[in-house]
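Here are a few exercises on interfaces, each with a worked solution. Have your viewer ready and try each task before reading on.

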Amino acid sequence: MASVSVRRLAVSFGHVKVIENLDLEVEEGEFIVLLGPSGCGKSTLLNTIAGLIDIEAGQVWISGKNVTWTEPKDRGIGMVFQSYALYPRMTVQQNLSFGLRMAGVPRAEIEARVAKAAKLLQLEDLLRRRPAELSGGQRQRVAIGRALVRNVDVFLFDEPLSNLDAKLRNELRVEIKKLHRDLGNTMIYVTHDQIEALTLADRIAVMRNGVIQQLATPQDVYHRPKNQFVAGFIGSPTMNFLTGRLILGAAGPTLDLGSVSIDLSAYGFARQSSDVPAVLGVRPEHIDLGAASPGHFAANGKVEIVEPMGADMIVWSRIADTPVRIRVDGDSAFRNGDDIAFHFDLARASLFDAQSGERL
Amino acid sequence: MQPRFRNWHVQLALLPAWLIVVFAYLGTMVFTVRMSFTSSKGIPIMDDVGLRQYDRLFHTDRWTISVENILIFGLLFILGCLVLGFLLAVFVDRLARFENTLRTIFLYPLAMSFVVTGLVWQWILNPALGLQANVRNWGWTSFTFDWLEQGDRAIYLVAFAGIWQSCGLVMAIMLAGLRGVDQELWKAARIDGIPTWRIYLHIIIPALAPMFITATLLLATAVVRSYDIVVAMTAGGPGISSEVPAKFVIDFLFTRQNIGLATAAATVMLITVLVVLMPWLYLQYFRSAPGARRAA
Ligand SMILES: Nc1ncnc2c1ncn2[C@@H]1O[C@H](COP(=O)(O)OP(=O)(O)OP(=O)(O)O)[C@@H](O)[C@H]1O
Ligand SMILES: [Mg+2]
């Protein structure tokens, strides 16, 4: 049984249709990340699941119940927000217990739940403090605690780490992952940070303009992107795109880049195609320096720019007048103008229809 | 070089301001207090009669009634403005679509001076001209509303007119505060299942505490200064039943030619204000330490 299921959902603000006909099935205990550029409707989708936004059409089911018209508090969800949204004048203790008190939970039960959450999130020493006296990371832990004490099946996170600095973000990311491991709840997590998405998710839903482009494991999303948008959105530095024409000749399929032709016989086609304009996507780390292996495409070029990034180094060169990024070891010595030979494995590349952007 | 001297040209530019503070504010204050120890009548004289003027002051019915009235007026006015202003702000906030129109309507009275407010309400509440006369004309001949002419009721009407005039200001302050409340706070409270009125009571109002303090201070200064609205509405009457301290001072200073008594009354007002303000200033001053920590 699916834990959260969104069926044929449509949401609009006034005349603007933000989401149209969206389906999403989340399994029990699954960690789903909604990933996409700003304004693509991630928060809107999350808020509809929470019941904070009225929907135009469709249904929302949580834990086997149709909750489309149920109040947020009765949906069995807890939610964590980007701005923490702690009750400003209340202590941590009051922040955690206020909702339970309003719901008429017995006092002893409240105390037990607050104590448990405080222990899990290392908030025990902070219970008497007010939000103003906490650091960003502590505040967000309180906010997570407030969702925790509700004893719910589903947790919703809306960019919970965006307001934190890089170091704290990494720490809290690991904590959230541990929390998921220990509690085993269903979690739906919105972010536009792909590292968060790749590290946390069981499955990632990549969204664009209110449409889920691909819903798959982080590995699939990264290595077998369903379309050119997903390919370009995930991965940093971004994937190299070589635009040409797919030619299915007698000698096997090739991509004609004008001056260069790439042999595609090693590429695993996802579907039948004809001669069409196509885009070949190659990740920078899949391009290797040195002599070619069989089945690889090899080329020579000059180093144009070098970008050291600590562990790695990005070297810019060209294939048939298209700039390409090559990821090499951070400890290499390259200088502008150096001659280099490089090659990549076509089995690891992605080919897209240039018009529709779909994977070929 | 010490920082105090490094920016001497800034201090120089501020010199006129300092002169005004020293001579116009402090100077007149000292002069007023000094005058209250003299037997000055129409013109200031520099004798010394000790606390005799104060003794007389507190044996003057008109003064004790004034003090009583200002307490009633102040309490009703401040509470009324805060409650009504906040409710109006909530109302406008919830009807965001009409905000501009509504804000103009509610702020409009503020554009009038207290004198105009006083006159308008004096007409409306005047039994012979306003509400009572009109309702009787419509046929309800036994209708009576003549509080303005009842000695023990008039001050309540003055407070009512004051609230009508000033609650728009409080609304504007509160509305700004409500607009500053994080939308995600509302969402979080809805997920916790907290009833709307409790969200306002337990979350929003505490968060707006600085707005309430600001509004209260603004209103409190209006209370201390209240003079024109009384003059316009009741002229202190019927009899002396709606007199207020500021009016007492002005009347004795300019019409009754009793500078000694007037300055004694002014001094009592000054001391009262200081006594009320001190704890607040003290709090402000000592709060700055945790406040700074919060900002960091
Ligand atoms: N209350 C609203 N009224 C009108 N339009 C809205 C409202 N809320 C969101 N939108 C629009 O809906 C679209 C989706 O918004 P949403 O907040 O879901 O984006 P998002 O993916 O969460 O973006 P971000 O990463 O910036 O948070 C945006 O184009 C936005 O302008
Ligand atoms: Mg968002």
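This is a predicted model: local features need pLDDT of at least 70, side-chain atom pairs count only at pLDDT 80 or more; totals for chains, interfaces and linings use all residues.

**Exercise 1.** How much area do domain 1 of chain A and domain 2 of chain A bury between them, and what percentage of it is on carbon and sulfur atoms?

*Solution.* Residues are numbered from 1 along each chain as its sequence is written, chains are lettered from A in the order in which they are written, and side-chain values use heavy atoms, with hydrogens and water left out.

Step 1: locate the parts. Domain 1 covers 4-232 and domain 2 covers 241-353 of chain A, with bounds that come from an automatic or database domain assignment.

Step 2: take the area. The two domains of chain A bury about 690 Å², 49% of it on carbon and sulfur atoms. Buried area here is the accessible area (1.4 Å probe) that two parts lose on being put together, summed over both.

Step 3: see what supplies the domain 1 side. Helix 7 (218-223) and helix 8 (228-233) of chain A each give at least two residues to the side that touches domain 2; helices are DSSP runs of H or I with at least four residues, strands are runs of E with at least two, and both are numbered from the N terminus.

**Exercise 2.** How many residues of domain 1 of chain A are in contact with domain 2 of chain A, and how many salt bridges are counted between them?

*Solution.* Step 1: nine residues of domain 1 contact seven residues of domain 2 in chain A, contact meaning heavy atoms within 4.5 Å.

Step 1: the salt bridge count between these domains is zero, using a side-chain nitrogen of Lys or Arg within 4 Å of a carboxyl oxygen of Asp or Glu.

**Exercise 3.** Which residues form the salt bridge between chain A and chain B?

*Solution.* In contact are 25 residues of chain A and 20 residues of chain B, and the two chains bury about 2000 Å², 63% of it on carbon and sulfur atoms. In chain A, Tyr87(A), Arg89(A) and Met102(A) lose the most area to chain B, together 26% of what that side buries.

Step 1: find the pair. The count is one salt bridge: Arg150(A) with Asp192(B), whose closest N and O atoms are 3.7 Å apart.

Step 2: Helix 1 (42-50), strand 6 (77-80) and helix 2 (92-102) of chain A each supply at least two residues of the side that touches chain B.
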